[in-house]
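Visitor: I am new to reading protein models, and I would like to learn how one describes the packing of helices. Could you take me through an example step by step?

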Amino acid sequence: MRRDIFQAIADPTRRAIITLIALQAMTPNAIAENFNTTRQSVSKHLRILTECELVKQEQYGREIYYSLELKKMKEIDKWISQFRKIWEARFSQLDEVLQTMKKQKK
Amino acid sequence: MKNDLLFDFIVDKSTKTVFVKKEFDADLELVWDAFTTKEILDQWWAPKPYTSKTKVMDFRVGGRRFFAMVTPEGQERWLLQKYTSISPKTNFKYFNAFADADENPELPGSDWDYNFTEQNGTTTVIITIYNESLERMERQIENGFKQGFTATLNYLDELLTTLSKK
């Protein structure tokens, strides 16, 4: 099954996890303490986030730490800004059209 | 775009909804016409260098706008918008989908909701777009826009330079 970043952020718990580990790398246990769900459920979300390459795992001693893959987060930004720019271009054209229409009306 | 006119663009992935809010320096009647008349829509709907070519537009509930976004090379990408609700000069809604040249829609599509209000000669338009699938939202960008996008940005730059010279 193909995973992508948009699937990763489609879930509110996963968005909360992203916000948490954006500040600092955390172990699965430390992450789970912030949620009212089971440890298994948090593990499942972490697995999906890993598969989407939004988070990376690093081993320090016996503990695994999860942290955010910032490069991947930028893809989301890029996608949204493309969409935004289409509307910007469209509306700047409409602004001009409206000015012309106003002049013609007078 | 004039800097003092508000432009908001919010993508809410969790509800698969896009909100677009824009103020225009024109009265309600003019702005309403710009969004609901085929001749005017074709002047601004497609970001340059694309052009919008409306083949059919029947602005009434149950009616449709069937149009193409045309690339500078002449390639057409057809879209079908079916009007589901119209309250003159206040609100209209349509179901939007890509289509083939024979008006067969490619589902899933998206629901568009337009709201118009005027205050002291400034008209605010709020557009809410609900997408049945996020993949489709992505496709909206990929399809047709990606290649021409650099050109659109160049056009914007050009426009801004011209405006700042004035």
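Visitor: Which residues of H2(A) meet residues of H4(A)?

Guide: Keep in mind throughout that this is a predicted model. On the side of H2(A), the residues that take part are A:Thr13, A:Arg14 and A:Ile17, and they meet A:His45, A:Leu46, A:Ile48 and A:Leu49 in H4(A). Sorted by class, the contact of H2(A) with H4(A) has 4 nonpolar, 2 polar and 1 charged residues.

Visitor: How does one describe the way in which two helices are packed?

Guide: Two packed helices are described by the angle between their axes together with the distance between those axes. Here, the axes of H2 (residues 12-23) and H4 (residues 39-51), both of chain A, come within 10 Å and cross at roughly 75°. That angle makes H2(A) roughly perpendicular to H4(A), because angles from 65 to 115 degrees are counted in that way.

Visitor: What span should the 12 residues of H2(A) have, and what separates its end C-alpha atoms?

Guide: At 1.5 Å a residue, H2(A) should span 16 Å, and its end C-alpha atoms are 18 Å apart, which agrees. H4(A) is followed by A:Glu53, whose phi is positive, near 60°.

Visitor: Which residues of H2(A) are buried, and which exposed residues does the face turned away from them carry?

Guide: To call a residue buried, one requires 20 or more other C-beta atoms within 10 Å of its own. In H2(A), the buried residues are A:Arg14, A:Ile17 and A:Ile21. Seen down the helix axis, these buried residues fall within an arc of 55°, so they line one face of H2(A). The face turned away from that buried side carries the exposed residues A:Pro12, A:Thr19, A:Ala22 and A:Leu23.

Visitor: Where do the buried residues of H4(A) lie around its axis?

Guide: The buried residues of H4(A) are A:Val42, A:His45, A:Leu46 and A:Leu49. They cover an arc of only 100° around the axis, which puts them on the same side of H4(A). On the face turned away from the buried side of H4(A) one finds the exposed residues A:Gln40 and A:Arg47.

Visitor: How many helices and strands are there in chain A and in chain B?

Guide: Chain A has 5 helices and 2 strands, and from the N terminus on its elements run α-α-α-α-β-β-α. Chain B has 3 helices and 8 strands, in the order β-β-α-α-β-β-β-β-β-β-α from the N terminus on. Of the 106 residues of chain A, 19% count as buried, while for the 166 residues of chain B the figure is 26%.

Visitor: Finally, is B:Ala34 buried or exposed, and which residues is it in contact with?

Guide: B:Ala34, which lies in helix H1 (residues 28-36) of chain B, is buried, because 21 other C-beta atoms lie within 10 Å. If one leaves aside its neighbours within four places in sequence, B:Ala34 is in contact with A:Leu94, A:Val97, A:Leu98 and B:Ile40. The C-alpha atoms of B:Ala34 and B:Trp45, which are 11 residues apart along the chain, are separated by 9.7 Å.

Methods: Residues are numbered from 1 along each chain as its sequence is written. Chains are lettered from A and ligands numbered from 1 in the order in which they are written. This is a predicted model: local features need pLDDT of at least 70, side-chain atom pairs count only at pLDDT 80 or more; totals for chains, interfaces and linings use all residues. Axes are lines fitted to C-alpha atoms, for helices over the stretch in contact, and angles run from 0 to 180 degrees between N-to-C directions. Helices (H or I, at least four residues) and strands (E, at least two) are DSSP runs, numbered from the N terminus. Angles under 35 degrees count as roughly parallel, over 145 as roughly antiparallel, 65 to 115 as roughly perpendicular and the rest as oblique. Two residues are in contact if their C-beta atoms, placed from the backbone, lie within 7 Å. Ala, Val, Leu, Ile, Met, Phe, Trp, Tyr, Cys and Pro count as nonpolar, Asp, Glu, Lys and Arg as charged, and the others, Gly among them, as polar. The expected span of a helix is 1.5 Å times one less than its number of residues. A residue is buried if 20 or more other C-beta atoms lie within 10 Å of its own, exposed if 12 or fewer, and partly exposed in between; C-beta atoms are placed from the backbone. The arc is that of the directions from the helix axis to the C-beta atoms.
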